[in-house]
Amino acid sequence: MSQRRKLVVGNWKMHGSRAANALLLAGLKEAGPWNADVAVCVPFPYITETALALTGVNIAFGAQDCSAHEQGAYTGEVSSAMLHDIGCRYAIVGHSERRAYHRESDQLVADKAKAALAHGVTPIVCVGETLAEREAGQTEVVVKRQLAAVIHTLTHCIGEIVVAYEPVWAIGTGLTASPEQAQAVHHVLRAQLHAATQKGDAMRILYGGSVKPDNAAQLFAQADIDGGLIGGAALKSADFAAICRAAQV
């Protein structure tokens, strides 16, 4: 059995308000602690307030993106140095919504991951295929290409990242890869990481794609699935807490 400690990360996306966030975080604090690492990645305006709410609580916090640039005339961008300055532990990079809506390339995602690591922020690097790519039998080609850009850019530092496999066709659609389908892709990613670093077996690969309380345990029981990147269910404290409990087994 793997000795990797499970990690469950809530991605709030563009949801929340000061009142709603306070209720959500209060519910999570009441439900914990869990025998797993837990984090929430929140919209930029609420990061500092989230940090204050989680003081003394074993729940980490992070951002949903970061800039590839250090500083400068990049209006609207947020640097990894800034995220580190306010205590962020994680930054999601390369989420499918960023790749699709903002045309982020594999190389830009890799550069963002490098910038995050340079400032002590752990990048959660997302990879995943669309429905058309899966139906064309291109799943393995796509995810390996996306991860290869990060491996080539980070070189010996690749062992310091978290990888998240998120089949695009299973995000917000209600569709979910079966545990066997998800494990098959995680196994491919694990082999690619093994080839790149001696830390490959210790690295955590999360599954993101309509994870819910009723399917989390089966997904997390797979050999190469080390937790989840949770979207919609992360907005309900009871659901997210149940998923965190499922990660303890």
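This is a predicted model: local features need pLDDT of at least 70, side-chain atom pairs count only at pLDDT 80 or more; totals for chains, interfaces and linings use all residues.
## Gln 192 and its contacts

Two residues are in contact when heavy atoms of theirs lie within 4.5 Å. Leaving aside neighbours within four places in sequence, Gln 192 is in contact with Val 143, Lys 144, Leu 147, Ala 148 and Ile 151. Gln 192 sits in helix α8, which covers residues 179-196. Its relative accessible area is 13%, so Gln 192 counts as buried, the cut-off being under 20%.

## The chain as a whole

Stepping back, the chain holds 10 helices and 8 strands. How does its radius of gyration fit with a compact globule? For 249 residues, such a globule would come out near 18 Å, and the chain has 17 Å, so the two agree. Along the principal axes, the C-alpha trace spans about 45 × 45 × 35 Å.

Of the 249 residues, 53% count as buried. The accessible surface comes to about 11,400 Å², and carbon and sulfur atoms account for 54% of that surface. If you look at contacts between residues at least 6 apart in sequence, 72% of them join residues at least 24 apart. As for charge, there are 21 positive and 23 negative charges, and their mean positions are 3 Å apart.

## Around Asp 226 and Gly 227

Next comes a pair of positions worth a visit in your viewer. Asp 226 lies in the loop between α9 and β8, while Gly 227 is found in strand β8. Are they buried or exposed? Asp 226 has a relative accessible area of 1%, so it is buried. Gly 227 has a relative accessibility of 0%, so this glycine counts as buried too.

The side chain of Asp 226 makes a polar contact with the side chain of Arg 190, at 2.7 Å. Not counting residues up to four places away in sequence, Asp 226 touches Arg 4, Arg 5, Lys 6, Leu 7, Arg 190, Met 203, Arg 204, Ile 205 and Leu 206. With its neighbours within four places in sequence again set aside, Gly 227 is in contact with Lys 6, Leu 7, Ile 205, Leu 206, Tyr 207 and Phe 220.

## Helix α10

Helix α10 takes in residues 237-246, and its buried residues are Phe 240, Ala 241, Ala 242, Ile 243, Cys 244 and Ala 246. What do these buried residues pack against? Their partners are β1, α1, β2, α9 (216-220) and β8 (227-230). Strand β8 is also where Gly 227 is found.

Asp 106 has its place in helix α5. Its relative accessible area is 16%, so Asp 106 is buried. Which residues does Asp 106 touch, not counting those up to four places away in sequence? They are Arg 99, Arg 145, Gln 146 and Ala 149. With Arg 145 there is also a polar contact, side chain to side chain, at 2.7 Å. Val 8, by comparison, is 98 residues from Asp 106 in sequence, and the C-alpha atoms of the two are 24 Å apart in space.

Arg 103 is placed in the loop between α4 (96-101) and α5 (106-118). With a relative accessibility of 68%, Arg 103 counts as exposed, since the cut-off for that is over 50%. Its backbone deserves a look as well: phi of Arg 103 is near 55°, a positive value in a residue other than glycine.

Lys 13 lies in the loop between β1 (7-11) and α1. Here too phi is positive in a residue other than glycine, with a value near 55° for Lys 13.

Pro 33 belongs to the loop between α1 (18-31) and β2 (37-41). What kind of peptide bond joins Gly 32 and Pro 33? The bond is cis, with omega at about 0°.

Key
Residues are numbered from 1 along each chain as its sequence is written. Side-chain values use heavy atoms; hydrogens and water are left out. Helices (H or I, at least four residues) and strands (E, at least two) are DSSP runs, numbered from the N terminus. Buried means under 20% relative accessible area, exposed over 50%, partly exposed in between (1.4 Å probe, protein chains only). A polar contact is a pair of N or O atoms within 3.5 Å; within protein, one must be able to donate a hydrogen and the other to accept it, and residues adjacent in sequence count only if both atoms are side-chain atoms. The radius of gyration is taken over C-alpha atoms; the globule rule is 2.2 Å times the number of residues to the power 0.38. Accessible areas come from the Shrake-Rupley method with a 1.4 Å probe; for residues, only the protein chains shown count as cover. Lys and Arg count as positive and Asp and Glu as negative; His and the chain ends are not counted. The place of a charge is taken as NZ of Lys, CZ of Arg, CG of Asp or CD of Glu.
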